[in-house]
Number of protein chains: 2
Amino acid sequence: MGVPVNSSASTKERILTAAEALFAQRGFEGASLRQLTAAAGVNLAAVNYHFGSKDHLVEQVFKRRLDQLNARRLAALKQVASQSETTLEDVLAAFIRPALDLSHDGGGGLFMRVLARAFAEHDDSLRKFLSDNYGHVMRQFTAEFARLLPQLSKEELYWRIDLVTGALTHAMSGFGIIQRKSDVSEVTHREQTVEHLIRFAAAGLRAP
Amino acid sequence: MGVPVNSSASTKERILTAAEALFAQRGFEGASLRQLTAAAGVNLAAVNYHFGSKDHLVEQVFKRRLDQLNARRLAALKQVASQSETTLEDVLAAFIRPALDLSHDGGGGLFMRVLARAFAEHDDSLRKFLSDNYGHVMRQFTAEFARLLPQLSKEELYWRIDLVTGALTHAMSGFGIIQRKSDVSEVTHREQTVEHLIRFAAAGLRAP
DNA sequence: CGTATGCTCAAACGATCGTTTGATTCCAGT
DNA sequence: ACTGGAATCAAACGATCGTTTGAGCATACG
């Protein structure tokens, strides 16, 4: 299905990669294990053998990328916070850039779309899984935002971070109307995306 | 399934109402016609009789609410634009408030979640349907934003409107962490949501 | 060499999906 | 009162779903 499969990778990895692509394209319900295993070039029964069930596969698809993303975001935040003067833009960059980079070198540009779908699906168990594997990162960033925006009440801050998250998810998952023009390289386009996001989000957070 | 069915309504209307709720809750693929018709209290075959197919039903669920939403947004925009001095906040209110109101008196607070799901699903035919039934409203608002933000290039403006849309969709569909507190009335909470959205979006749009 | 162990495979399981059928009920028009 | 089209109904259609099974294959250890 247009998704190249690295035949040297392990069966588990090939399933995860194919699943990520297919979940992004057709959703968790819409992607069947038969399509998925065919794209991965593995036997149908391999999913249940290696992951136990389709639901557990979904969780592992998230876990693989979220572990990467969380680590990079926290590393970036730590480096930013250690500077003598930290700006709001710095913190936003620490939050945004790893996500955009994941699209690039993680091979999982599709993961952000999968993540966006997970937000859209109000499935409780999936939300709990995301909260368990994502919450501590959000809390650290929230603390840093609170330090840089002392004039905001806690409730106001939560609201704005929520709205920033919406804008980021929307942009990063390629929902929107903005498409990369053919005369702009992938790298350049991503850099422009980061800049637009940071400028917009910083202004929104600083709103009087 | 907890969704009260007005037994005096027509079969078509009852299907549409039950479908909206179930699509919001379980997604387009996840909601089956059997669950749907059971919730609506109608026969399974009624969907294909009245709508032709499940896909056409999905479209009609959108069309019923979008027609309302579009009409209210355009009316609000027209009224705002006729004033001698139009502010960015006014235009944003014309865009946001009808959507929030729809949650209230349209009985379709769930519709925004359905709409958010539609954004998440990258289904081409559904996106085309949305573009056909939604595009002209976005164009009118974009023109008004362009008038009020002449310093922005066309590309920059598109970017920011896209990010605003992301924030709005996120907030309106109840994705986020913000939940209504029990000591705040539904009406008050909605009003607060509008205010937060407008303040954040206006600042983002005005970003230097 | 024999035999465990980890993995892959084709095939089948029961369940559920969207859709269709054909008979039956309802009700307005003459 | 009769008739014809619209609406509803139970039942079944073939397709596809996630999952399970048991045989077959490989590699490593005694």
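Residues are numbered from 1 along each chain as its sequence is written, while chains are lettered from A and ligands numbered from 1 in the order in which they are written. Because the model is predicted, I noted that local features need pLDDT of at least 70 and side-chain atom pairs count only at pLDDT 80 or more, whereas totals for chains, interfaces and linings use all residues.

**Chain A overall**

I looked up the mean pLDDT of chain A and found 86, with 88% of its residues reaching 70 or more. Over residues 1–7 of chain A pLDDT stays under 50, and the model has 11 contacts beyond four places in sequence for that stretch; two residues are in contact if their C-beta atoms, placed from the backbone, lie within 7 Å. I listed nine helices and zero strands in chain A. Of its 208 residues, 37% count as buried, a residue being buried if 20 or more other C-beta atoms, placed from the backbone, lie within 10 Å of its own, exposed if 12 or fewer, and partly exposed in between. Among contacts in chain A between residues at least 6 apart in sequence, I found that 68% join residues at least 24 apart.

**The two copies**

I then turned to the interface, where 32 residues of chain B are in contact with 32 residues of chain A. On the chain B side, α1 (11–30), α6 (111–120), α8 (154–172) and α9 (186–205) each give two or more residues, and α8(B) provides the largest share, 11 residues. Since 100% of the interface residues of chain B are also interface residues in chain A, the copies meet through the same surface.

**The DNA strands**

I counted 16 residues around DNA strand D, the closest being Ser32(A), Ser53(A), Lys54(A), Thr11(B) and Asn43(B); a residue is near a strand if its C-beta atom, placed from the backbone, lies within 6 Å of it. The elements giving two or more residues to that surface are α2 (33–40) and α4 (54–81) of chain A and α3 (46–51) of chain B.

Around DNA strand C I found 15 residues, the closest being Thr11(A), Asn43(A), Ser32(B), Ser53(B) and Lys54(B). Here α3 (46–51) of chain A and α2 (33–40) of chain B each supply at least two residues.

**One residue, Glu144(B)**

I located Glu144(B) in helix α7 (residues 124–148) of chain B, and with 19 C-beta neighbours inside 10 Å it counts as partly exposed. Not counting residues up to four places away in sequence, Glu144(B) touches Leu77(B), Ala81(B) and Val91(B). Glu144(B) and Leu77(B) are 67 residues apart in sequence but 8.8 Å apart in space, C-alpha to C-alpha.

Terms used
Helices (H or I, at least four residues) and strands (E, at least two) are DSSP runs, numbered from the N terminus. pLDDT is the predictor's confidence in each residue, from 0 to 100.
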